[in-house]
Amino acid sequence: MAILRNNLRLYGAARYFGLAYVVLAACLGFGQTKNSCLDCHSVLPDALGVSQETFSQDIHAQKGLTCTSCHGGDATSDDPDKAMSRKAGWKGKIDRKQIPQLCGTCHSDPAYIRQFNPSLRTDQLGQYRTSVHGKRLAAGDTKVAVCTDCHSVHDLRAPSDPRSTVNPVNVASTCSRCHSDAGYMKGYSIPTDQFAKYSTSVHYQALAVRGDLSAPTCTTCHGNHGAAPPGVDRVQNVCSNCHTFQAQMYEKSSHKAAFQRASLPGCVVCHSNHGIIHPTDAKLGTGPDAVCMQCHTPGDACDQARAGLLSSLKRLDEAVKSADQVLGVAESSGMEVSEARLGQDQARDSLTKARVTIHSFRTDLVDQDIQAGLKIAAKDLQAGKEAMVERNYRRVGLGISLIAIGIALAGLWLYIRKIES
Amino acid sequence: MSPLRNLRSWLDERLSWDELVAPLRKKTVPLHRLSYWYFLGGITLFLFVIQVVTGILLLLYYRSGANEAFESVQYIMTQVKFGWLIRSIHSWSANLMIFTAFAHMFSVLFLKAYRKPRELTWVSGVILLFLVMGFGFSGYLLPWNTLAFFATKVGTEITGQVPILGKPMMIFLRGGEEVTGATLTRFFGFHVAVLPGLATVLILLHLLLVQRLGMSIPPKLEVEWTANPSARREMKFFPNFLLRELMAWYVGLGVLGALAAVFPWNLGVKADPFVAAPAGIKPEWYFLFMFQTLKLIPPKVWLIDGEVLGVLAFGLVGLLWLLLPFFESDQPSRTKRWITGFAVFALAYVAGMSVYGHLAK
């Protein structure tokens with residue numbers, strides 16, 4: 001209490017203006033529930049300050065909770081001694097170690113939470129205790145994240161709010177506040193380049209650039225309240241939540257057992273983890289982006305299969321591009337080729353399907369998709385060529401017609417001259 | 001006696017053929033340095049005939065209805081033998097017809113051919129121009145593609161701005177509150193039944209008036225030729241002028257064929273009422289000057305809604321345009337110069353705003 005009194009004295013001027021503000025706020029807020037905490041804290045500096053505007057944005061404030069709901073005390077009293085008395089249940093600043101438990105008081109109570117949002121989960125505290133953060137906190141490490149580190153405090157917003165620190169678009173940068181800080185993370189023996197790598201990934205592009213909120217961010221793979229690394233042998237379970245077909249193929253493939261035997265982390269072996277970029281067919285090649293040859297020996301049966309798969313994919317890709325090119329020329333000549341264009345989408349689907357089937361590492365299965373795509377692309381190419389033949393036929397027809405019209409015009413002109421001469 | 005003479009004699013006995021074609025034999029066309037403007041009406045008529053013929057051929061395959069229209073036009077363009085040619089000629093000749101109708105109207109205006117006693121010829125011609133624009137507006141929707149759908153939505157919305165009558169008119173045109181398959185059915189009806197019926201009657205009236213009143217002579221020349229009848233120069237309508245007109249029609253046919261073969265009319269993408277309107281959607285070029293004007297009018301002019309004011313202003317100008325001959329002097333030597341000035345301004349405005357509308361984003 002004495003410390004707070006000193007602080008208040010130090011900021012006497014602020015207090016003076018604060019008093020004026022309190023009077024004004026009291027006038028404007030006539031009829032509203034009194035909150036003496038904000039009367040003072042709204043004019044205090046950063047460490048102790050919470051503005052009325054900030055707090056009014058807080059989801060808890062919007063649901064009718066006040067400062068005393070977490071901090072205790074008596075917000076109806078203007079006397080700081082009474083308002084912040086232990087007798088009135090005042091807790092002061094909440095100790096970091098106590099924060100999860102304090103939040104859990106309400107958030108682990110389904111009956112209480114149901115009043116505000118029946119679909120909101122109430123297992124956050126239980127999950128948190130299983131997380132690396134929770135375990136370390138329990139062991140006395142207060143540097144680890146607690147609820148307020150990620151969700152913010154006093155201006156806490158619903159995750160669906162784009163301004164929320166835990167909105168899917170903002171999650172990665174929220175995590176990076178600690179995990180990208182090499183100084184802060186010193187002593188934890190984990191890398192700090194996750195966010196830098198994630199920022200280059202196809203997932204980040206989808207989420208932050210294209211605004212696809214279903215794209216993964218840190219919590220999608222690591223969990224949120226129960227955040228922990230997925231574990232080497234569980235990686236494919238994480239990826240398969242979205243990449244279902246690839247996972248099904250991989251499950252049946254020879255690679256699954258081989259990777260398990262070698263304690264290799266499934267999908268991550270070829271695709272990496274945080275910095276996953278859009279895969280290209282070059283992964284099946286022998287160049288700098290190639291992945292197969294990291295394990296396989298040149299010339300072995302697997303290498304030959306790899307070369308066969310790559311060649312098949314290239315063949316379909318080129319067939320699709322050739323048909324596209326011919327159809328493009330026909331279209332720019334005004335020919336109606338929309339049906340063939342639609343067919344091209346199917347051919348591209350076959351190519352995508354073949355690329356997915358690669359995860360089975362079976363040439364016969366991939367070949368089925370390739371053949372289906374090649375058949376469609378060949379049909380579309382033929383349609384494009386026929387359209388070009390038709391275009392030429394039309395132009396020849398036009399030429400003949402114009403000659404006929406020219407002859408008719410000349411004949412008419414001669415006839416007019418004859419009758420007028 | 002040759003078979004042709006036999007037929008003629010047969011027709012003459014039953015229809016008094018010679019009597020019927022006698023006025024054509026007597027008809028003459030004034031010859032002066034601006035005589036070539038006389039061809040425009042005939043070219044417009046030729047394009048109208050092309051529209052009727054190609055339209056009937058398209059009707060053999062076209063199916064109206066939101067679920068079938070686009071597919072039927074696609075079928076015409078890809079599967080029907082020469083379907084692409086018929087549809088492309090129909091679309092191109094529609095645009096050329098509107099262009100030549102505008103050109104014909106302005107030529108009549110500048111040559112002052114609307115003067116007494118040709119007021120009704122002018123009135124029927126202007127109404128025909130409005131009908132031709134109606135043909136364009138209704139026909140544009142029939143392929144049921146995205147551009148047509150949204151252009152119709154915007155166009156009918158503008159109609160809805162007319163005070164009092166606007167909303168009922170819009171609902172009548174759309175067949176409901178929104179542009180749907182019901183709108184397509186209505187527009188199809190207007191395009192192939194209502195408008196052709198009205199246009200045919202008006203064209204016949206227009207031609208009858210032209211035939212009865214003869215070709216107009218520019219006022220200056222009229223004064224000159226009245227003072228000196230020996231200076232008057234004429235050409236027989238049949239066959240001399242008609243043969244030249246035929247040459248113009250042949251040229252028109254060649255231009256149409258070339259446009260259809262080199263630039264077949266685009267089909268676009270099937271309309272989807274649930275997707276957002278494409279950015280920068282614009283109406284067909286002949287409505288652009290009105291569209292751009294409405295875009296430039298501020299939302300509020302004094303206390304009146306800008307768009308309502310624009311629509312009312314266009315209505316008023318249209319009415320004045322229709323009644324223009326009644327403001328003109330009876331004497332060729334005393335023609336009103338302000339009407340010529342007004343015509344020059346109108347032409348510059350329509351052309352300028354159309355170009356501006358085309359270039360504007």
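This is a predicted model: local features need pLDDT of at least 70, side-chain atom pairs count only at pLDDT 80 or more; totals for chains, interfaces and linings use all residues.
In which handedness of crossing does α6(B) pass α9(B)?

**Stop 1: a helix pair in chain B**

Select residues 119-141 of chain B for helix α6, then residues 181-213 of chain B for helix α9. The crossing of α6(B) past α9(B) is left-handed. Look down the two axes: they come within 9 Å and cross at roughly 160°. Angles over 145 degrees count as roughly antiparallel, so α6(B) and α9(B) are roughly antiparallel to each other. Now colour the contact of α6(B) with α9(B) by residue class. You will find 18 nonpolar residues, nine polar and no charged.

**Stop 2: where chain A meets chain B**

Show both chains. Chain A puts 19 residues into the contact, and chain B puts in 19 residues. Stay on the chain A side and select α22 (338-357) and α23 (363-420) of chain A; these are the elements that give two or more residues to the side touching chain B. Which element gives the most to that side? It is α23(A), with 15 residues. By class, this side of chain A has ten nonpolar, four polar and five charged residues.

**Stop 3: H203(A)**

Move to helix α15, residues 202-209 of chain A, and pick H203(A) within it. Is H203(A) buried or exposed? The cut-off for buried is 20 or more other C-beta atoms within 10 Å. H203(A) has 21 C-beta neighbours inside 10 Å, so it counts as buried. Leaving aside residues up to four places away in sequence, H203(A) touches Y198(A), A215(A), P216(A) and I276(A). Last, draw a C-alpha to C-alpha distance from H203(A) to G89(A): it spans 47 Å, with the two residues 114 apart in sequence.

Technical notes
Residues are numbered from 1 along each chain as its sequence is written. Chains are lettered from A and ligands numbered from 1 in the order in which they are written. Axes are lines fitted to C-alpha atoms, for helices over the stretch in contact, and angles run from 0 to 180 degrees between N-to-C directions. Helices (H or I, at least four residues) and strands (E, at least two) are DSSP runs, numbered from the N terminus. Angles under 35 degrees count as roughly parallel, over 145 as roughly antiparallel, 65 to 115 as roughly perpendicular and the rest as oblique. A crossing is left-handed if the near helix is turned anticlockwise from the far one by less than a right angle, and right-handed if clockwise. Ala, Val, Leu, Ile, Met, Phe, Trp, Tyr, Cys and Pro count as nonpolar, Asp, Glu, Lys and Arg as charged, and the others, Gly among them, as polar. Two residues are in contact if their C-beta atoms, placed from the backbone, lie within 7 Å. A residue is buried if 20 or more other C-beta atoms lie within 10 Å of its own, exposed if 12 or fewer, and partly exposed in between; C-beta atoms are placed from the backbone.
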